[in-house]
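Me: I have a model open and would like to go through it with you. Could we begin with the terms and then turn to the details?

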Amino acid sequence: MTDDTPPSRSRVGQLVINVVANYGYYAVGMVVGVVLTPFLNNRLGREVFGEWFFLIGLTLYFSLADAGFNAATVKYVSEHLARREWAAAGRIMAASLRFFVAIAAAFALLAVGTVLFPRYLVLPALIAGALQFLSAHTGIVVLAIILGNWAVEMAFAPFNAALFGAQRYDLARAVAVLARLAKFAAILVLIGLGHGVIALALVTVGEALLRGLFQWWLVRRKIPELPLGFSGAQPETYRKFFRFSAWIVVSNLAYKLIMLSDIPLVQFTRAGERENVLYNAAMQPILETEQLLWALAQVLVPFAAAGAALADRRLLQETIVRGARFTLLMALPILTYLLLGGRGLYGAWMYHEKEFPLEHVAQAQLLLWILAPAFLLLFLQQPAIAVFVGSGRVRVPALLNLVQGVVKIALSLWLVQYFGLAGIALGTVIPLAVVNGLVFPRFVRRELGVGWGDLCRGALLPAGATALIAGPLAWLWLELTGAAAMDQWRFRYQIPIALGVALLFAATAWFTGLKADDRRWIRARLPFRRRRPGPLSPEPPAK
């Protein structure tokens with residue numbers, strides 16, 4: 001890196017707050033899900049609860065209806081707010097509001113049509129024929145309510161995007177957490193009183209409406225300079241939206257090819273049920289890790305957009321290195337936990353004993369050993385991709401994602417004939433290693449001046465030191481607790497064991513993975529600090 005001007009500590013501090021808020025939101029969601037799942041399963045019955053999840057899962061594909069406009073709103077609002085171009089930001093919001101209200105109206109019309117003309121629409125007819133335990137009428141009503149929920153989500157999406165663009169994830173996520181907790185309480189009361197899935201669906205709509213109204217109020221209150229209305233959008237605004245969002249759609253679809261095509265490939269090759277279970281067992285921890293890291297990459301996009309708008313090259317460079325360091329500090333402990341653990345430890349992550357015999361665990365771990373290094377390379381490049389998306393240079397990352405996805409499928413179909421499941425794993429590893437280890441780093445070096453040397457010094461060495469110190473200690477902890485030799489998956493024992501490993505890595509990462517100024521910044525903002533700390537380093541002088 002050639003630019004030596006230190007990045008703004010206040011902006012970096014807001015980034016840390018946004019990351020913590022994002023992970024706090026997902027943590028609350030996980031806790032609520034863990035509590036609600038057995039409650040709903042017992043109250044509604046396993047069959048009805050399963051069909052409720054079927055309806056929810058079927059409609060998750062409606063999230064693709066935003067066509068990349070949500071990401072475009074976040075990016076352009078962040079750019080214009082960073083430059084204090086309020087009128088331009090208002091035109092972005094006007095275009096976004098028009099688009100999302102039109103999508104919301106389409107969902108609302110589809111919801112009405114689902115109730116009035118269920119026989120003439122494909123989705124209601126499909127659902128009515130697929131349900132076994134819910135009546136067809138109940139299924140159609142629930143589907144209509146879910147479509148209404150999507151109408152509410154789309155109508156308020158621009159306000160959530162505006163808060164993200166203003167880098168106020170803390171406000172957006174605080175509202176989302178409160179709405180989710182209110183939904184949690186309402187479900188406990190209504191389902192406890194004997195109401196069914198229709199009440200469950202109505203509570204979901206209420207959560208979306210409550211969250212959306214509060215986000216609209218927060219935008220009006222916290223960003224009063226931002227114009228909110230439907231007027232002002234110009235044809236050039238829409239063209240700018242569509243140029244960016246088209247590549248976002250390509251990138252997202254290609255990324256899904258990379259992450260989600262393995263299991264369909266195994267099924268396409270007509271492998272048996274055992275092979276499906278084995279490969280799913282190897283991929284599931286990687287997919288869970290990717291979801292965890294996505295929360296970090298999501299926060300980096302508006303941060304990078306603001307840095308690009310201010311032509312702050314040093315901030316973009318520091319964002320890539322810091323993001324890569326935190327990515328490895330999160331990914332390495334998870335994979336180490338799974339790779340070091342024995343049969344019981346891996347089984348506790350994955351399956352119940354009847355579905356995943358113990359003798360298959362070692363084979364799944366072998367596949368994980370093959371897949372993990374290439375996916376670590378992919379995860380390591382996610383902060384750089386987020387920076388390029390935020391700075392508007394999304395075409396090259398999108399094309400590289402597409403190449404990886406297509407080559408992965410072709411290679412896997414060829415190699416599976418010779419090596420079986422290992423062939424599919426190798427077909428995945430080769431394009432990921434080539435693109436993320438060689439091709440994309442050269443592009444990042446050329447565009448932003450961040451090369452492998454910078455990543456090694458700023459990310460690989462701190463995270464590697466953490467893994468080398470905490471890894472053997474974690475192995476010793478697993479041996480002493482007997483987790484590595486457990487032949488039965490006792491979750492009440494695995495949870496404290498896993499927490500012990502997580503605390504071990506967190507304590508090690510505090511000293512080896514974080515810089516001294518990062519530790520001072522975090523300590524200074526702990527809630528129990530009595531003294532108000534002064535600035536840790538001066539802001540860069542105005543140019």
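Reply: Buried means under 20% relative accessible area, exposed means over 50%, and partly exposed lies in between, with a 1.4 Å probe and protein chains only. This is a predicted model, in which local features need pLDDT of at least 70, side-chain atom pairs count only at pLDDT 80 or more, and totals for chains, interfaces and linings use all residues. Residues are numbered from 1 along each chain as its sequence is written, and side-chain values use heavy atoms, with hydrogens and water left out.

Me: Is T204 buried or exposed?
Reply: T204 is buried, as its relative accessible area is 15%. The residue sits in helix α8 (residues 197-222); helices here are DSSP runs of H or I with at least four residues, strands are runs of E with at least two, and both are numbered from the N terminus.

Me: And what does T204 touch?
Reply: Leaving aside residues up to four places away in sequence, T204 touches W52, N149 and K183. Contact here means heavy atoms within 4.5 Å.

Me: How many helices and strands does the chain have?
Reply: The protein chain has 20 helices and zero strands. Of its 543 residues, 50% count as buried.

Me: Changing topic: at what angle do α15 and α17 cross?
Reply: The axes of α15 (residues 382-390) and α17 (residues 421-448) cross at roughly 45° and come within 11 Å. Axes are lines fitted to C-alpha atoms, for helices over the stretch in contact, and angles run from 0 to 180 degrees between N-to-C directions. The angle makes α15 oblique to α17; under 35 degrees counts as roughly parallel, over 145 as roughly antiparallel, 65 to 115 as roughly perpendicular and the rest as oblique.

Me: Which residues make that contact?
Reply: A384, I385, V387 and F388 contribute from α15, and F440, F443, V444, E447 and L448 from α17.

Me: Which loop holds Q167?
Reply: Q167 lies in the loop between α6 (136-165) and α7 (169-192). Its phi is near 60°, a positive value in a residue other than glycine, and Q167 is buried at 13% relative accessible area.

Me: What about A311, buried or exposed?
Reply: A311 counts as exposed, at 63% relative accessibility. This residue, in the loop between α11 (273-309) and α12 (313-340), has a positive phi of about 55° although it is not a glycine.

Me: Lastly, where is F242?
Reply: F242 is in helix α9 (residues 235-260) and counts as partly exposed, at 46% relative accessibility.
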